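Subject: Structure handover

Hello,

Here is the structure I promised to pass on. Please open it beside this email and follow along.

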Amino acid sequence: MELNFFSASEIVKKIKEKKVSCVEVTRAFLERSKKLNPLIHSFLFLNEEKALEQAGNLDKKIAKNGSLGKLAGVPIAIKDNICVQDLQLTCSSKILQNFVSPYDATVIKRLLKEDAILLGKTNLDEFAMGSSTENSAFMTTKNPWDLNRVPGGSSGGSASAVSSRMAPIALGSDTGGSIRQPASFCGVLGLKPTYGRVPRFGLVAFASSLDQIGPFAVTAEDCALLLEVISGYDSLDSTCSEIAVPEYVNQIKQPLSHLRIGIPKEYFVDGLDQEVREKVIQAVKVFESMGIKVEEVSLPHTEYAVSVYYILAPSEASANLARYDGVRYGHRSKSAHSLLEMYEKSRDEGFGPEVKRRIMLGTYALSSGYYDAYYAKAQKVRTLIRQDFEKVFEKVDALVTPTSPTPPFCFGEKISDPLQMYLSDIFTISCNLAGLPGISIPCGFSNKGLPIGLQILGKPYDETTLLQMTYQYQMSTSWHKEIPDLAE
Amino acid sequence: MAISMKDVEKVARLARLALTEEEKENFRAQLSHILDYMEKLQKVDTSSLEATAHPFITKTGWREDQVFPWGETEKILKNSPEKEETFFKVKRVLE
């Protein structure tokens, strides 16, 4: 079998057994990326030279029988809103077009410490704002299962790279579904960790009370491995938790018959695609056959989640994106005559339409006279959404829902109507508002051959249960083994 | 809730965005449409609720306030649109 079809865990094993060299592995993924990226456009930038140099150094270490990390020789794709020292960092925005990061994000330091190979930077909706990756200023990423359809977003580049096996694993970020929804659309695993589980130092801030970095993978074991490497306390992120990181990989195979799962009725309403509904119900039956108890539960404030999210996230974004003013880095307008004009023109020229729309919406919600009606109100309704979850988690251990109301949609289908695009996040955003961990798992295909994903939401810091359920589901089904035709 | 052109211009000024006339009209219509949808929040009784600013009431992580050399001054300055010696340069601040 070609190297590209091995999981990260298999690659590490083969490298440690000296059956294959790191350079061979890196070269295999680079060659494949050079062949497929012109069709799919997952990568904004391939880190070819440095990746090969890194792999060569690792091979030398192996020759001397040096100790190897948990991700020894595994190529990984990185969403281009995460800082890697001396590499471009664009956030798919013209405002950062020529920016080179002076430092590594904490997650990158941890990957390098475990000997992962940084393959390249992947495309995203500008500043991670979007659900289709159509908001990138530089290129349109295609869905590997159907090139006329979106890969989801905002981490569409990372999801499609793993789906087409240009990378065995990848990092994304998730503020309202930006890992789980593209994972669902591209037929791979994507996990958003609990708020505070993974340090965000070096992740470009979008909405600081919601953002988390998380893994993309094909197998539950790889997902656990990558999460284990990036999780844990960091003194450079004051919101990062000191709670100890479990040994996810070692605990993944434990039986689940003691579990109770809830099916929130508000997630199976009108507007949910019939095929998505069927596939998710089938998956629930698979869990039932393992001895897991299933019951219907209610999250009564679900209908307010989109409104709450699209007030709070843009408000936080409007503050976070104030730093792009043309002074210290990024685009500076050439036509400004004063300092104020320089700020205003640099920002208008540098930001794309969706980013400007959200800055406007957030600034409005925070402005004098509207603050109480919008921002303060949304924060209070957020409390109700959080309490809904606290209540159901007294009864059940995890919740199973669809990840997205529909299979992947076509290019142009929603981009002209911002509200329609926002509503496509309806099943993923409550998880961020409540700070919970969530995972999307491939659970079948539509009649048109498009991937469908199911979402599992867990208690705070209980990624272990999500990964165990994923592992058992993958042992009982074979959806995750399907590969898009063009990637075979 | 319909928002006026005057609102759009005020918000654009607060956000430091020099919007074109076309952008202003687009945002006026789109923001009105989005805010209409959000009106549903107003019917929720929140009188006895605390605001949630962060998902968990976690303690803030503290560390010693120690000075350490960053050592990447060159790399940081290289990203600046205009610089002079070790300073970022902008247009005159005081007229």
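Which residue forms a salt bridge with A:Asp174? The partner is A:Arg180, and the closest N and O atoms are 2.9 Å apart. A salt bridge here is a side-chain nitrogen of Lys or Arg within 4 Å of a carboxyl oxygen of Asp or Glu.

Some ground rules. This is a predicted model: local features need pLDDT of at least 70, side-chain atom pairs count only at pLDDT 80 or more, and totals for chains, interfaces and linings use all residues. Residues are numbered from 1 along each chain as its sequence is written, chains are lettered from A and ligands numbered from 1 in the order in which they are written, and side-chain values use heavy atoms, with hydrogens and water left out.

**Salt bridges**

Back to that pair. A:Asp174 is buried, at 0% relative accessible area. A:Arg180 is buried too, also at 0%. Buried means under 20% relative accessible area, exposed means over 50%, and partly exposed is in between (1.4 Å probe, protein chains only).

Over all chains, the rule gives 26 salt bridges. Take B:Lys89 and B:Glu84, whose side chains meet at 3.2 Å, N to O. B:Lys89 is partly exposed at 33%. B:Glu84 is partly exposed at 43%. Salt bridges with shared partners also link A:Lys13, A:Glu17 and A:Lys19 into one network.

**Helix 12 of chain A**

Next, look at helix 12 of chain A, residues 353-366. Helices (H or I, at least four residues) and strands (E, at least two) are DSSP runs, numbered from the N terminus. Helix 12 has 14 residues and reaches 20 Å from its first C-alpha to its last. That is close to the 20 Å expected at 1.5 Å a residue. The expected span is 1.5 Å times one less than the number of residues.

A:Glu354 and A:Arg358 both lie in this helix, four residues apart, about one turn. They form a salt bridge, with the closest N and O atoms 2.7 Å apart. An α-helix has 3.6 residues a turn, so residues three or four places apart point the same way. A:Glu354 is buried at 7%, and A:Arg358 is buried at 3%.

How many of the 14 residues of helix 12 are buried? Twelve are, so the helix is largely enclosed by the rest of the structure. Among them are A:Val355, A:Ile359 and A:Tyr364. The cover includes helix 10 (305-320) and helix 13 (372-392) of chain A. It also includes helix 1 (5-14) and helix 2 (21-38) of chain B.

**Where the chains meet**

The contact (heavy atoms within 4.5 Å) takes 58 residues from chain B and 76 from chain A. The two chains bury about 5900 Å² between them, 65% of it on carbon and sulfur atoms. B:Leu41, B:Thr52 and B:Asn79 supply 11% of the area that chain B buries against chain A, more than any other three residues. Buried area is the accessible area (1.4 Å probe) that two parts lose on being put together, summed over both.

Five salt bridges cross this interface. The side chains of A:Arg332 and B:Glu82 also meet in a salt bridge, at 3.0 Å, N to O.

**A last stop on chain B**

B:Phe88 lies in strand 2 (residues 87-88) of chain B. B:Phe88 is partly exposed, with a relative accessible area of 32%.

Best wishes
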